[in-house]
Amino acid sequence: MIIYTHGQPWPILVLTLEGDERRRAPLLDWLARHGLSHRLFFGVDGRKGLAGRWAAETDRAAARQTYGRDLTDGELACALSHREIYRWIEKTGNPGAIVLEDDALPGPDFAAFLASRAHERLDLLMFDHSHARIWRNSRQHAGGQDLYRLSLPSCLTTGYAISAAAAKRLAAANTPVRWQADWPGNIVALAAMVVVPPIVGHPDGKTGVSHLRSAREGASPRRKSPGLARFTNRLFWKRWITKRLSRRVS
């Protein structure tokens, strides 16, 4: 049974940067055509580097330890931007929000799903995802879509719904910022779910316009694989078992 949150539907936040009018125009046109109000949320711009307050709110050494390479200014700025959204949700007292990056491509079922307000009973629901693995028997049908619980963290922050409680936890996990935007901390512990198949898309990774891709391609290389040493790591075996009990859906 779906139990909806009382009050107004969660606000739609379009994460964008100053000067990106052309980039966000198709999404704003889609929202207008479907009668969906929104708020522009201007994120942290890392295209010319991070300085001052934003540089002080990152932990590059911790990020390097986690990812085995240096995160670019753009990656850190993206993470800072999503974290600021989480802080905004708490500051404004909203019960949650729908977050769309400005190049998101809503599918034909997206508006109907939002109208159902099924996302308002969850802490974190991803409308778009990549490298997502789900527990095989976790299917829920809501808003005309199939939702599954993640067994391992996935990628992409193109479009998602997040509750105030989850936003508070993710903001704390990424202060100072040392994780990429997708995702800080342990989202599996939040009972994060994904829509299968996705109802929001994203531009082609090779041909689409990306603020992060070119900078990431020139970033320092990852550290070498631990090789056979990984077989003595308890976390390696936990992940190995989880993969065999779950299914990849993107």
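This is a predicted model: local features need pLDDT of at least 70, side-chain atom pairs count only at pLDDT 80 or more; totals for chains, interfaces and linings use all residues.
## How confident is the model?

Averaged over the chain, pLDDT comes to 90, and 86% of the residues reach 70 or more.

Let's look inside. The largest nonpolar core is made of 28 residues, and Tyr86, Met126 and Ile162 have the most contacts within it. Quite a few elements give it two or more residues, including β1 (12–16), α4 (73–92), β9 (159–163) and α6 (164–173). There's also a second, separate core of 25 residues, with Leu36, Ala142, Leu147 and Met193 among them.

Back to Ile162: leaving out residues up to four places away in sequence, its contacts include Trp10, Tyr86, Ile89, Leu124, Ala167 and Leu170. As a rule, nonpolar side chains in soluble globular proteins tend to be buried together.

## A strand pair and its crossover

Strands β1 and β2 (residues 39–42) run parallel and pair over 4 bridges. To get from β1 to β2, the chain goes through helix α1 (residues 21–33), making a right-handed β-α-β crossover.

Helix α6 buries Ala166, Ala167, Leu170, Ala171 and Ala173. These residues sit on the same side of α6 because they cover an arc of only 160° around the axis. That buried set packs against α4 and β9. On the face turned away from it, you'll find Lys168 and Ala172, both exposed.

Conventions:
Residues are numbered from 1 along each chain as its sequence is written. Side-chain values use heavy atoms; hydrogens and water are left out. A nonpolar core is a set of buried Ala, Val, Leu, Ile, Met, Phe, Trp, Tyr and Cys residues joined through side-chain atoms within 4.5 Å. Buried means under 20% relative accessible area, exposed over 50%, partly exposed in between (1.4 Å probe, protein chains only). Contact means heavy atoms within 4.5 Å. pLDDT is the predictor's confidence in each residue, from 0 to 100. Two strands pair if DSSP finds at least two bridges between them. A crossover is right-handed if, with the strands pointing away from the viewer, the path from the first strand over the helix to the second runs clockwise. The arc is that of the directions from the helix axis to the C-beta atoms.
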